[in-house]
Amino acid sequence: MVPVPKLTPTDLVAALRNPLAFIADRWTPQSRTVERAALAALVMSVVIVVTGGAVRLTGSGLGCPTWPECTAGSLTPTDALSYHSAIEFTNRMLTYVLCAAVGWAIIAARSQKPFRRSLTRLGWAQFWLVMSNAILGGIVVLVGLNPYTVAAHFLLATALITVAALMWQRTREGDGEPRPLVGKAVQQLVWALVAVSLLLIAAGTVVTGAGPHPGDSGDVERIDVSWSGVAELHAVFAWIVVSLTFALWFFLKGVGAPQGPRDRVRELFLILLGQGVIGYVQYFTHLPTVLVGLHMFGSCLVWIGVLRVLLSLRERADVTGDAALPAQSYDAVSASISGPR
């Protein structure tokens, strides 16, 4: 048993003034602990999206008709409310679990030695995104599930996933200047993939806002566009993303790119195949709720996969100059696509 150190009044005052610094002075986590904390925050950011989708798909969006209380005068559902209230309330409670995961990531990053300011900033960015989205979620309820606010709610959750994925990646890198592993042409192709993926996600929110799952059984406003037309546009963006990923994989293989980027592109392609199958099956089976929920989960995985492809295009050395990843070079068919040699 490790003895618990006694706290003096001075220690208590210091803990109250700056609890993060107090913990950091007395605890140094292993790098693996920091990485796992960042991964936990990323996982919870996906979980909260999936459970939010469950709220909408079960028609429980107004199960708690007010915010921040569930009903007027009660923070929790009352006996007079239905199971929809329990579903909505459970999703609200999971926000606290997400906050705990993000807080754990901040504490672990703050306590790591040597101190890495970039990691703590990414952790705090997640915290403020969670707080902002919690407030926006309340607005969504107060305006009766207006589809535009619902879309903004999902896009802000996507921003949270973006920052969480970046922090997770940064825990496995050094803090040196990024060194590209591929040439300009490959980087531009990947940025095009990122841009079209964002359009794909944005079109998906419009499909949701115009589709048959408004989030509540009552009279909920919908986006006044042709649902089938927007769904077809969404499919077009999806095919562009798949085509860019397929082309990128052959391009990287043809120029002898490092194994890391090639592996990330292959993983993304497999995710896209699964997501495409789910998307078409749900379209032709008139949007069963289970498949729509799986499609929302898949959209999170697709975006994380795209980000991992983007982040795999460079390596960062630590502050001592040692490479975080072994330097790799490859042959290129022309100077325009060659990377570092």
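**Labels and their cut-offs**

User: Why is Val-143 called partly exposed?
Analyst: Val-143 has a relative accessible area of 45%. Buried means under 20%, exposed over 50%, and partly exposed in between (1.4 Å probe, protein chains only), so Val-143 counts as partly exposed. Before we go on: this is a predicted model, where local features need pLDDT of at least 70 and side-chain atom pairs count only at pLDDT 80 or more, while totals for chains, interfaces and linings use all residues. Residues are numbered from 1 along each chain as its sequence is written, and side-chain values use heavy atoms, with hydrogens and water left out.

User: Where does Val-143 lie, and which nonpolar patch includes Val-143?
Analyst: Val-143 is in the loop between helix H5 (117-142) and helix H6 (147-170). Together with Trp-67, Ile-135, Ile-139 and Leu-142, Val-143 forms a nonpolar surface patch with about 450 Å² of accessible area. Such patches take residues with over 30% relative accessible area and no salt bridge, joining nonpolar side chains (Val, Leu, Ile, Met, Phe, Trp, Tyr) within 5 Å and like charges within 9 Å. A salt bridge here is a side-chain nitrogen of Lys or Arg within 4 Å of a carboxyl oxygen of Asp or Glu.

User: What makes Leu-145 buried?
Analyst: Leu-145 is at 6% relative accessibility, so Leu-145 counts as buried. Leu-145 is also in the loop between H5 and H6, and its phi is near 65°, a positive value in a residue other than glycine.

User: And what makes His-286 exposed?
Analyst: The relative accessible area of His-286 is 70%, so His-286 is exposed. His-286 sits in the loop between helix H9 (259-284) and helix H10 (289-311), and phi of His-286 is likewise positive, near 65°.

User: Why is the aromatic pair of Tyr-283 and Phe-284 called edge-to-face?
Analyst: Rings of Phe, Tyr and Trp (its six-membered ring) pair if their centres lie within 6.5 Å; planes under 30 degrees apart are stacked, over 60 edge-to-face, and the rest tilted. Tyr-283 and Phe-284 are 5.2 Å apart centre to centre with 90° between the planes, so the pair is edge-to-face.

How values were computed
Areas by Shrake-Rupley, 256 points an atom, 1.4 Å probe, with all protein chains shown as cover. Helix = DSSP H or I, 4+ residues; strand = E, 2+ residues; numbered from the N terminus.
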